[in-house]
Amino acid sequence: FTVVVGEMRPIDPIPDGPREPPLYWAYDDIDSFYTERPDFEWVEIAGVGTRLNLRDDETRQVDLPPGFVWRYYGQEFNQVSICGNGWIAPGYTTYSAYTNQSLPYSSAPPFIAANWDDLYPPAGGGVWYYYDSAGRRFIVEWDSVHYYSPRDAWDKFEVIISDTLGERNNEVLVQYLSANNYISSTVGIQDPSRTIAIQCLFNSNYHRGAGRLRPGSAIKYTTDQPVTGLAQEPEPAPPVVHLSLLPNPLRGSGLIRYQAPGPAELLLFDPAGRRLERRRLEPGGGSLLWSPDWLARGVYFLKLKSGERTSGLKVLILD
């Protein structure tokens with residue numbers, strides 16, 4: 001498979017460079033023709049993992065769990081450095097610059113820039129890390145962390161490093177639960193030589209192979225080469241109505257994703273059947289950030305209705 005520069009589209013993966021052949025690729029959730037396309041599946045760790053209590057412009061070092069090795073560009077690391085300004089680096093670094101730069105950038109360490117910007121971790125839910133031993137995943141979450149300016153803006157995103165047991169370079173998944181202020185940030189990766197990089201986004205300028213960040217976006221960085229997954233055009237699927245909420249149970253904000261063949265409405269009911277909220281949705285499908293902070297702890301019901309078709313689910317709201 002060869003990506004022709006002039007033909008790269010937002011639904012194609014992005015190779016690292018400048019070099020040939022590429023080693024790492026960035027696949028996002030709209031790269032639907034490729035088997036490596038990631039699915040957005042939010043993993044909530046706030047309140048479950050360890051909060052770092054980072055100060056402004058601070059980077060903290062965390063030892064990876066015994067037996068978990070982060071293999072990045074062929075080098076193995078037993079430690080991760082976590083910066084409040086929206087990135088993680090393999091190994092040890094104290095770099096913490098708040099001014100994002102275009103990649104590659106020689107002054108920055110090898111890192112995963114999930115949302116490199118001037119963030120302010122003391123405001124919001126903080127920065128957390130957690131080791132999912134069952135799934136063998138190390139997860140770092142910026143929980144509704146505010147920006148230094150404008151201070152009332154915030155975003156919620158996470159980085160998930162999957163263990164490959166040392167057999168190859170680890171896959172890294174970055175997920176975005178919100179998309180409030182990705183206008184002056186850098187999104188991408190760079191290698192230990194600091195000369196090779198993938199830049200999906202820099203200061204509102206997207207790479208031609210990158211989809212726009214929105215609630216429910218996911219980007220996977222991997223050394224797996226592009227393979228298309230379509231042998232033939234699939235038969236059109238019958239129209240369906242589908243509704244999901246991540247996470248559920250819900251504490252704070254969650255992401256509602258829906259699919260509807262026509263105009264739709266989203267309804268919220270309490271256990272007694274009283275309608276509490278009604279929202280009109282565009283036909284086709286999409287996602288929206290839902291923050292029911294006005295609801296008391298308890299069980300509620302969401303219902304998606306489009307014509308005669310409906311889909312519903314039970315929601316547990318936590319404190």
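Start by selecting β10 (residues 119-120) together with β12 (residues 137-147): these strands pair in the antiparallel sense over two bridges. Strands here are DSSP runs of E with at least two residues, numbered from the N terminus, and two strands pair if DSSP finds at least two bridges between them. Zoom in on Tyr120, and you will find His146 of β12 as its bridge partner.

Before moving on, a word about the model: it is predicted, so local features need pLDDT of at least 70 and side-chain atom pairs count only at pLDDT 80 or more, while totals for chains, interfaces and linings use all residues. Residues are numbered from 1 along each chain as its sequence is written, and side-chain values use heavy atoms, with hydrogens and water left out.

Tyr131 has Phe138 as its bridge partner in β12. The hairpin of β11 and β12 has four residues between the strands, and there Arg136 takes a positive phi near 50°.

β12 and β13 pair in the antiparallel sense over eight bridges, and a hairpin of six residues joins them. Click on Trp142 to see its bridge partner in β13, Phe157. How much of β12 is buried? Ten of its eleven residues are, where buried means under 20% relative accessible area, exposed over 50%, and partly exposed in between (1.4 Å probe, protein chains only).

Arg194 sits between β15 (186-190) and β16 (197-202), with phi near 65°; its relative accessible area is 32%, so it counts as partly exposed. Asn203, in the loop between β16 and β17 (205-206), has a positive phi of about 50°; its relative accessible area is 31%, again partly exposed. Most residues other than glycine have a negative phi, and most peptide bonds are trans.

One joins Gly17 and Pro18, with omega about 10°; Pro18 is in the loop between β1 (14-15) and β2 (25-28). Another joins Leu246 and Pro247, with omega about -10°; Pro247 is in the loop between β19 (242-246) and β20 (254-260).

For a last stop, select residues lining the second largest pocket, including Arg137, Ile160, Glu171 and Lys220. β14 gives the most to this lining, with three residues.

Definitions and conventions
On a 1 Å grid over the protein atoms alone, a cavity is a set of points where a 1.4 Å probe fits but cannot get out, and a pocket is an open set with protein on both sides within 12 Å along at least five of seven lines; lining residues have an atom within 4 Å of a point.
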